[in-house]
Structure formats: C-alpha cells, structure tokens
Amino acid sequence: CFTMDKELRVLKQYLSTRFSEQVYKGFWFSPECVFTRQCISNSQEFVEGDVTMDLYKGQVLIKARKSPYSLYSEELVSMDVQGNYDPVDANGFIRCNALRLQEYHRLREKELEAEGSVPPIDPPVKPQKTPMDPVAAKTGAAAAVVAA
C-alpha cells in the first residue's frame with residue numbers, strides 16, 4: 001500500500017538527495033539543511049503501517065503491506081464498481097500533455113528543414129477500421145488497415 005502519492009514521492013526523493021549532499025558538505029546547521037529536514041519530516045506524516053516480509057539468502061521479500069493511511073481504494077480501481085473515474089476524462093488530459101510534444105516535434109522539424117539535413121517527418125498514419133471479414137466475424141474481431 002502507498003501512503004504518499006507519486007508527486008510527493010518524487011519530491012521527497014529529490015530532497016533526500018539534497019539532504020545527503022548538505023550533510024556531506026557539513027551543512028547540518030545551515031538554514032537550507034534545517035528546511036530540508038523539516039520537509040522530509042512533513043512528508044512522513046502519514047507513512048505508517050505494517051509490512052510483512054521474508055528474509056531469504058540475503059534478499060528481502062515483501063509479502064504484505066497495510067496502513068490506515070493507504071491511498072489504495074478498491075472501489076476506485078474496481079471494474080465492477082462505478083467510482084468517480086470516467087475513462088473519457090483521460091482524453092483531455094492526454095491531449096493537454098501531448099501539446100508540448102507536438103510543439104517540440106514541430107519546432108524540431110522546422111529546425112531540421114532549415115538546416116537541410118533531414119527531410120520532414122510525415123505525421124503518423126492512423127489505422128482505419130474496415131468492415132469485418134468472414135474470418136474475423138467468427139471471432140468477433142475487427143480488422144484494421146493502415147492508409148497509404
């Protein structure tokens with residue numbers, strides 16, 4: 001079970017690295033080291049629970065985890081129970097995140113064309129659905145072809 005979300009774990013990992021650098025340099029009592037220690041301590045506020053593990057030939061094998069502050073919700077991830085998540089909601093999120101990649105690609109392509117080093121890259125071709133063929137109709141699968 002996780003008690004910290006992804007963004008907090010990433011930030012805590014970054015701070016842990018900075019903290020180790022500060023300690024190595026002897027900055028234990030510096031304002032930045034005090035701040036870093038406080039941030040790391042605050043990130044651990046809801047990290048509590050039990051872990052069951054086995055030790056075998058120098059390896060640690062985690063068997064179970066549980067916490068009263070677990071972020072995991074069986075209702076939210078269930079395919080049987082309707083939660084607050086609607087898969088359609090992801091479309092806008094995916095499009096927003098794709099904008100920066102599309103812009104990067106456009107600018108990079110423009111730069112390469114100006115240099116004359118590489119011909120422009122064609123945009124990806126989307127597969128087109130075709131009517132079911134007799135073989136696919138028996139299995140219920142639709143065939144897809146790529147437009148040329």
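This briefing describes the fold, the confidence and a few residues of one protein chain. The structure is a predicted model, in which local features need pLDDT of at least 70, side-chain atom pairs count only at pLDDT 80 or more, and totals for chains, interfaces and linings use all residues. Residues are numbered from 1 along each chain as its sequence is written, and side-chain values use heavy atoms, with hydrogens and water left out.

**Fold and confidence**

- The chain has 5 helices and 4 strands, where helices (H or I, at least four residues) and strands (E, at least two) are DSSP runs numbered from the N terminus.
- Along the sequence these elements follow the pattern α-α-β-β-α-α-β-α-β.
- Of the 148 residues, 9% count as buried (buried means under 20% relative accessible area, exposed over 50%, partly exposed in between, with a 1.4 Å probe and protein chains only).
- The average pLDDT, which is the predictor's confidence in each residue from 0 to 100, is 79 for the chain, and 72% of the residues score at least 70.
- Among the elements, α2 has the highest mean pLDDT (96) and strand β4 (residues 144–146) the lowest (43).
- Over residues 139–148 pLDDT stays under 50, and the model has 17 contacts beyond four places in sequence for this stretch (contact means heavy atoms within 4.5 Å).
- Of the contacts in the chain with a separation of 6 or more, 29% are between residues 24 or more positions apart.

**Packing of α1 and α2**

- Helix α1 (residues 6–24) packs with helix α2 (residues 31–43) at an angle of about 145°, and their axes are 10 Å apart; axes are lines fitted to C-alpha atoms, for helices over the stretch in contact, and angles run from 0 to 180 degrees between N-to-C directions.
- On the α1 side the contact is made by Leu8, Lys12, Leu15, Ser16, Phe19 and Gln22, and on the α2 side by Glu32, Cys33, Thr36, Arg37, Cys39, Ile40 and Ser43.

**Gln22**

- Gln22 lies in helix α1 and is buried, with a relative accessible area of 5%.
- Not counting residues up to four places away in sequence, Gln22 touches Phe27, Trp28, Glu32, Cys33 and Thr36.

**Lys57**

- Lys57 sits in the loop between β1 (50–56) and β2 (59–66).
- Lys57 is not a glycine, yet has a positive phi of about 50°.
- Most residues other than glycine have a negative phi.
- With 71% relative accessibility, Lys57 counts as exposed.
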